[in-house]
Amino acid sequence: MTETVCGSVRPAVPASESLPKAKGRVVFDPQWCRTCRVCEVACSIAKEGQARPSVARINILFDEFATVDPISATICFQCEDAPCMAACRVGAMTRDARTGAVVILQEKCVGCMRCQKACPWGIPKQHPDRREALKCDLCSDRESGPLCVEMCPLSGKALRYEPDYYIRGNGDGKL
Amino acid sequence: MESFSGGYTGRFLRVDLDRRQVSVEETPDPRKWLGPRGWNALIAWNEVGPGVDPFDPANRIVFSVGPLVGTCAPTSGRTTVSTLSPRGYPRPMWTTSSMGGYFGAELKYAGYDGLVIHGQADAPCYLLIEDERVTLEDASDLWGKGVYATEQALKARHGQQHQVAAIGPAGENRVRFASIIHRLNNAVGNAGFGGVLGAKRLKAIVVRGTGGVKIADPAGFLEAVRYVWDLAKGGISRIGRPDAGYPIIACTHACSVKCYTRTLPIEDRYGTQAKKTMLTCVESTWSGGPRGAHKAYEGVSVRGERLSIPSAPGFGKEVGLDLVNLTSDLGLTGWTHATWGHYFAALKELGIEEIGGEPLDIDNPDWWRDWLVKLAHREGLGDDYAEGLARFYDKHQVGPRHLAEFFESAGSRGQGWHREGRLMEPHPSPFWEYSALLYAVSTRDVTPSTHGFFFLNGLYGYPKAPKDPSEISERLQELARQLYGSPKAVYPGDEYIEYVTIWHQHRAIIKDSMAVCDWVFPITRRNYDSEEEAKADTGPIYGDIAAEAKLYRPCTGIDLDIREMERPIAERIVNLERCIEVRNNGRCREDDEAVIPHYQWPEKTDGTHLSADAREFRALLDRYYDLRGWDKQTGWPMPEKLEELGLEEVARTLESLKASQVTAAR
């Protein structure tokens with residue numbers, strides 16, 4: 001799934017008034033991506049202490065035989081309306097006040113994967129070993145921002161962190 | 001208790017095709033064997049004895065991934081592959097090749113440091129590895145298909161994230177220069193390993209892993225990655241960053257440096273089922289001008305023979321790239337055109353217009369299409385072309401022998417001569433002398449593992465070949481001192497070559513054992529963001545040759561420094577690889593001296609060459625053997641050296657071999 005096809009099908013689910021608002025997101029540009037997949041490894045090291053793309057909250061797919069969109073990424077858009085949050089029945093999803101990221105409270109998550117089903121792009125994924133959903137939290141625990149962006153050799157081009165993406169008025173459904 | 005806390009998985013997968021059995025064994029001790037080069041040599045020593053042919057079921061093929069593979073260490077995704085090379089000439093020999101792509105990382109994620117395959121399946125099959133689940137699957141529907149159709153069928157069957165390494169018709173038909181191909185053009189390319197899989201009736205290996213690589217010290221490791229990336233970012237040119245220049249696709253997992261490996265769209269006029277190609281280095285002879293990307297060679301050897309070689313005919317970006325893809329799709333090495341194209345072009349210049357009644361219509365790309373397809377299927381004369389240029393010449397003797405040997409000979413171990421200052425780029429003295437000594441003791445084309453010394457002879461090396469040390473810049477002399485211990489290492493002549501050669505041999509082992517890219521490691525020179533920055537800097541140009549160890553320690557938790565990796569570990573592995581050749585093929589000094597005739601041709605820019613009696617080379621070989629602890633008469637490692645390296649059993653085997661030879665002589 002590429003970013004270019006993602007914007008057109010956003011469902012209109014209103015965000016909860018009581019939660020912090022969406023602020024930023026990681027933006028992926030397939031024109032610059034060299035498919036080294038360093039972002040996946042950096043993410044999984046940050047989150048799980050090992051190099052393991054299957055638990056990374058960002059994944060790059062390079063289909064060498066595809067003639068259209070050979071390079072794509074799966075990464076959360078941190079939507080303003082976040083249907084994944086609305087779908088969660090156990091209160092395991094919230095927003096980080098500082099970054100505006102939609103985060104999963106791992107201690108509450110039961111791995112029912114309703115969030116994944118609710119997401120138009122199926123971004124939240126199941127941990128291969130645990131009944132638990134995984135998604136990008138913009139490295140809200142890191143002052144310096146998402147590690148994938150920091151470690152990307154084309155940081156700022158292939159991957160960039162825009163902490164005020166939605167505040168700047170980009171939240172009109174166009175990506 | 002395991003001796004490591006990250007990087008390695010500690011598990012090695014074994015597949016016996018005869019019994020259709022799969023087992024898992026412990027990875028050989030990383031502290032003693034470091035990674036793929038050591039493990040693979042150990043398997044050869046223990047399991048592949050004399051008399052085994054590359055195509056015998058008893059031959060082993062080993063795919064190994066080093067401790068950094070699967071991590072984000074710059075350029076680290078490479079798979080190191082070893083087997084008996086069918087291309088070895090005058091006889092097959094155990095050797096090592098490698099490839100980039102995603103295959104190695106996926107194998108590691110599946111939980112394995114390596115995969116050893118032996119036996120022969122009773123029908124075409126492919127190996128499917130999905131974490132713990134390892135099966136042999138029927139490949140009767142894929143046998144005969146091209147590499148790209150095979151890859152696409154297997155990805156459609158198993159999933160886009162499954163990684164596939166496959167052979168084409170060339171491998172199935174045991175062509176001696178058949179490759180194993182992964183993705184578009186990542187290849188275990190030049191040593192003929194595709195034929196080994198073909199003989200085993202193994203069409204492909206498909207792997208998917210959902211596990212991970214433990215990192216002993218995550219924070220320290222990321223710090224090391226940042227540091228090394230900054231040193232390495234300029235890639236092969238040492239200038240710029242990956243966001244400048246060519247529209248590249250990383251040729252390997254975690255390759256995050258600038259490169260000129262390009263992925264380009266193609267028309268696919270030859271029906272390979274791929275609409276783009278990946279272009280690296282030697283394949284660009286196909287896409288060069290009407291007379292190729294590389295200049296002709298002209299020279300007279302000390303023996304008085306003459307050579308005049310036009311460049312191989314190229315076909316421009318459009319048709320040339322289609323031929324690159326056809327070569328890969330058939331499962332042939334990217335070197336096919338560079339060797340045969342030059343040979344045919346030179347024959348035509350000699351007035352030889354046909355071979356075996358078939359015209360050499362080499363300026364016609366469709367002629368090449370037919371030629372490639374015939375040799376990949378061993379049809380007609382293609383059956384003899386499939387044996388490689390050296391063996392083909394032995395049978396047909398078209399043109400003078402010195403012409404054929406200029407491309408492939410016993411000295412080049414049956415592969416195309418590479419960076420030696422004659423056929424390809426200039427390589428003035430002392431750089432071709434490094435190459436000569438490396439080839440002398442090698443079992444394959446040496447350049448893919450020792451580009452490093454060539455990079456000294458670049459932007460900060462020689463502007464032109466110096467006649468005298470006084471013409472060599474002080475900063476290059478200082479760099480030589482820092483790397484090799486003496487500025488003499490870059491003086492014309494061979495005064496210090498044995499030290500340089502041994503250093504690069506050890507570094508090649510370390511590089512293959514991590515495994516990282518030969519265009520980047522060892523990091524001998526510093527990098528710059530731009531040409532301007534490079535020009536403005538007149539200070540020292542040393543990079544950091546300890547970069548591999550700086551990544552290795554926080555990754556594995558094993559406290560090895562770069563000197564220990566060189567000696568005793570890499571030295572141990574060089575000696576074991578040598579002993580495999582000695583035991584299996586009787587490798588000796590005479591075999592090493594097979595390089596001499598080639599280097600009696602003048603270097604293409606400075607005209608230097610070995611003398612008629614090659615006394616300087618024989619003296620250099622003496623010094624090399626001395627420094628290695630090898631016997632000067634036989635070229636065999638001495639028992640004391642092997643014992644010093646902890647190879648007592650190997651020493652005993654060589655001793656009894658020597659005793660039996662003495663008995664036989666009586």
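Modeller: Here is a close look at one helix and its surroundings. First, the ground rules: this is a predicted model, where local features need pLDDT of at least 70, side-chain atom pairs count only at pLDDT 80 or more, and totals for chains, interfaces and linings use all residues. Residues are numbered from 1 along each chain as its sequence is written, chains are lettered from A and ligands numbered from 1 in the order in which they are written, and side-chain values use heavy atoms, with hydrogens and water left out.

Chain A has 6 helices and 9 strands (DSSP runs numbered from the N terminus: H or I of at least four residues for helices, E of at least two for strands). Of its 175 residues, 55% are buried, meaning under 20% relative accessible area with a 1.4 Å probe, protein chains only; exposed is over 50%, and partly exposed falls in between.

Now zoom in on α2 of chain A, residues 38-48: 8 of its 11 residues are buried, so the rest of the structure largely encloses this helix. Those buried ones are A:Val38, A:Cys39, A:Glu40, A:Val41, A:Ala42, A:Cys43, A:Ser44 and A:Ile45. What do they pack against? Within chain A, they meet β2 (50-51), β3 (59-62), α5 (147-151) and β9 (159-162); chain B joins in with α3 (103-109) and α7 (218-232).

As for the wider fold, take contacts (heavy atoms within 4.5 Å) in chain A between residues at least 6 apart in sequence: 61% of them join residues at least 24 apart.
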